[in-house]
Amino acid sequence: MKEFNKTKFKYNVENYLKILFRKSIEEASEQQIFQAVSYSIKEYIVDLWIETHKEYESRDVKFVYYLSMEFLMGRVLGNMIINLKADETVREVLEELGLNLNSIEEEEADPALGNGGLGRLAACFLDSLSTLGYPAYGCGIRYKYGMFEQKIENGFQIEVPDNWLKYGNPFEMKREEYAQEVKFGGYVRMERDGEGRDKFIQENYQSVIAIPYDIPIVGYGNHIVNTLRIWDAKEANTFNLDSFDKGDYLKAVEEKNLANTICEVLYPNDNHYAGKELRLKQQYFFVSATIQRAVSKYMENHKDIRKIHEKVCFQLNDTHPTVTVAELMRILLDDYNLSWEEAWEITNKTCAYTNHTIMTEALEKWPIDLFSKLLPRIYQIVDEINRRFLLVVESRYPGDKLKIKNMAILYGGEVRMANLAIIGSFSVNGVAKIHTEILKERELKDFYEMYSEKFNNKTNGITQRRFLLHGNPLLAEWISKKIGDEWITNLPAIKKIADYAEDMTAQKEFMDIKYKNKIRLADYIYKHNGIEVDPNSIFDVQVKRLHEYKRQLLNILHIMHLYNQLKKYPDMDFYPRTFILGGKASAGYKIAKAIIKLINSVADVINKDESINGKIKVVFIENYRVSNAELIFPAADVSEQISTASKEASGTGNMKFMLNGALTVGTMDGANVEIFEEVGEENMFLFGLSSKEVMEYELHGGYDPKEIYDSDAEIQLVLDQLINGCYFPDHGLFNDIYKSLLGIHKNEKADPYFILKDFHSYELAQRKIGKAYRDTGAWAKSAIINVAKSGKFSSDRTIEEYAAEIWKLKKI
Ligand code: NBG
């Protein structure tokens, strides 16, 4: 195996500067240097990449194709260097050249081809797949514009396009030779072939050519390189030049438009279905290209299409790629002439589906007329799947209309993607224990009754390589010095750090590192927000997408309450806090945007109020994304995981904070439950309704927040401050928030996320935090225990479970 060579690397950096830009180091811009360094790293990686695939081929391995509309990779360069274990060498070389790796890393765009947890999970999975040596492809879309850049102006969120490809992506590789044609629209003609079989031929369709771009995914220290393949669209008439000749001018123009728009932009919705036609086009586009290529690749080395499930598994990341089921059927039926029964059996053995939410507004349901017009052949197949499925339901539950209503794929004029995914897959998994239980007991109860063998849980995880080794070098080094570096590839080994939890010197060292990381973040905040924060205060952090169910509103209402208290009782016992919040709201999500404005308005008032002596500071981090997340997690004392119980499928930020030694204040929701199982009551601050209680209230139409408002003067004051101009003179602005809490909106449930109901319990938990933090030794002990118990939450563990229980993959 070729080792990373220092001399060659050094030569390459200068050589690439010359070849790409005709510049010397002295003349080159920082961006050009970033490019040259990246190409030099890539040059080394490509050899490993080729060797990995040779090895895969010679062993005839099984591949998992992880199909996802989102891959939230974050910056690639630093992570690659770490995974190559070339960090020291690269730093040395760069120093000799008068360069600094950290500032070169800052030049890289932060590829944000994802919204939040779902996309970041996909990225963590790729890191683990390579590190563990599992043959895998990540398959997605090469959006020209990723997640928008969030700017805060006058406290309001403004969305700015994220042109991440502006300088080109040095790590990608265009693979024209694997281009695929994807067909939209037209109609399906039926004819009999010579053997009397029905043939279905799509005609008068529009074509788009899908062009793959491959990005290498480097495993940690094992020279294994897998591939993230993202598809771009190109107009088809460069292939079918005759379109113009036939006078089919309009069609040519339409195809060009289609090609130009399909990969233009990532829909910025997290946990929310918008039902846009273009989105369905995106879904079919990348699915069709992926499945066609996977089938061809399989057939290059195998004879029998009937055994494809032995070498291929398609994992569907949420319902977004669900057309996979029908697309694979189409290929097996129409291109390989299999019978329906054969094709169905193979499809069922090849597809597996992960559910990531129970939020009803996130459920994908396409209007049948839209779906059938856009994908006429796919629709026929879905219709037939549905027809056959309903026969099974009818024979099992004769006359049971409710079962049909709940389980049909086609119902009420809609195509219900989750139902198709469940029916077409051999595995259905949730992403945390409690989430899977809720799926089985409630959301997908009828399916569970019919297909209990399909259901399983795979609790999410995160990669410690990015979120500790790369993001928190000080803590990483400290841990490795104390217990060795096994944790890098085997996170449960980190439990040995618990031996130091009560060691006073270790506690002090740990808190010193935390302090340094807080200074690093404080500097960032000063630079970006112009706010001075005290690293000695408690850093209490909530960073995640803005969503009502995640309850940033509970956090800010509590801050308003604390501030009222401090004003009223200036001498009250209070440990200084810095509340740090950050996250993007979907561009069309009005109330989420109002909450951002509220946070910023409250921040303005509190930060400027000298009478409280800086005891509270409030900071809204602009443009929260993977790169600044890597600064934020290491600096947190307190991790806010305060979603309404039952709503957060898992959460993964909760794990990143824990790994970096923050203590969680949270509800019994998602993976918080499992964090609690690991760390115990003493090392976490639990509060709020349980998911059972929440679901019980929901069953009976909610609860009455008015009662709380009327009987609780403190809450009343805080709510009135929303609309009396106390924080922002424009009274109307926070009206929607006020109304959402008290239910003055017609037809809307009052306080559907139980914010007022959980308020006091949250306040109590917060008071405990203030008290606990005063005992530095005990706090350090708890924090170290959190780190020590984070072993379960590595995505390596998650991937091992997927590989063994769903994909049946072998490591190389
Ligand atoms: C999100 C959940 C999170 C979960 C991630 C990854 C969607 C649809 N779901 O709780 O809200 O951690 O998926 O599984 O984005």
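Where is the place of Phe 754? Select it: Phe 754 sits in the loop between H29 and H30. Helices here are DSSP runs of H or I with at least four residues, strands are runs of E with at least two, and both are numbered from the N terminus.

Two notes before moving on. Residues are numbered from 1 along each chain as its sequence is written. The model is predicted: local features need pLDDT of at least 70, side-chain atom pairs count only at pLDDT 80 or more, and totals for chains, interfaces and linings use all residues.

**Stop 1: the loop**

Stay on Phe 754. Its phi is near 60 degrees, a positive value in a residue other than glycine. Most residues other than glycine have a negative phi. Phe 754 counts as buried because it has 24 C-beta neighbours inside 10 Å. The cut-offs are these: buried means 20 or more other C-beta atoms within 10 Å of a residue's own, exposed means 12 or fewer, and partly exposed is in between, with C-beta atoms placed from the backbone.

Now select Asp 751. This residue lies in the loop between helix H29 (735–742) and helix H30 (755–774). Phi of Asp 751 is also positive, near 40 degrees. Asp 751 is buried, with 23 other C-beta atoms within 10 Å.

**Stop 2: the domains**

Colour by domain. The assignment gives domain 1 (1–59 + 76–109), domain 2 (60–75 + 110–460 + 800–807) and domain 3 (501–793). Such bounds come from an automatic or database domain assignment. Between the centres of domain 2 and domain 3, taken over C-alpha atoms, there are 36 Å.

How many residues of domain 2 are in contact with domain 3? There are 38, and they meet 31 residues of domain 3. Contact means that two C-beta atoms, placed from the backbone, lie within 7 Å. On the domain 2 side, helix H6 (117–132), strand S3 (149–153), strand S4 (156–160) and helix H16 (433–443) each supply at least two residues. That side divides into 14 nonpolar, 16 polar and eight charged residues. Nonpolar covers Ala, Val, Leu, Ile, Met, Phe, Trp, Tyr, Cys and Pro; charged covers Asp, Glu, Lys and Arg; the others, Gly among them, are polar.

**Stop 3: the ligand**

Select the ligand and its shell. Domain 2 and domain 3 both give residues to this shell, so the ligand lies between them. The shell has 17 residues, and the closest are Gly 117, Leu 118, His 356, Ala 649 and Ser 650. By class, the shell holds five nonpolar, nine polar and three charged residues.

**Stop 4: Lys 656**

Go to helix H24 (residues 653–659) and pick Lys 656. UniProt, in an unreviewed entry, places "modified residue: N6-(pyridoxal phosphate)lysine" here, at Lys 656. Such annotations may be inferred rather than shown by experiment. Is Lys 656 buried or exposed? Lys 656 is buried, because it has 30 C-beta neighbours inside 10 Å. Not counting residues up to four places away in sequence, Lys 656 touches Ile 462, Phe 467 and Phe 633.

**Stop 5: Gln 282**

Last, select Gln 282 in helix H9 (residues 277–301). Gln 282 is buried, with 25 other C-beta atoms within 10 Å. Leaving aside neighbours within four places in sequence, Gln 282 is in contact with Ile 141 and Ile 262.

Terms used
Near = placed C-beta within 6 Å.
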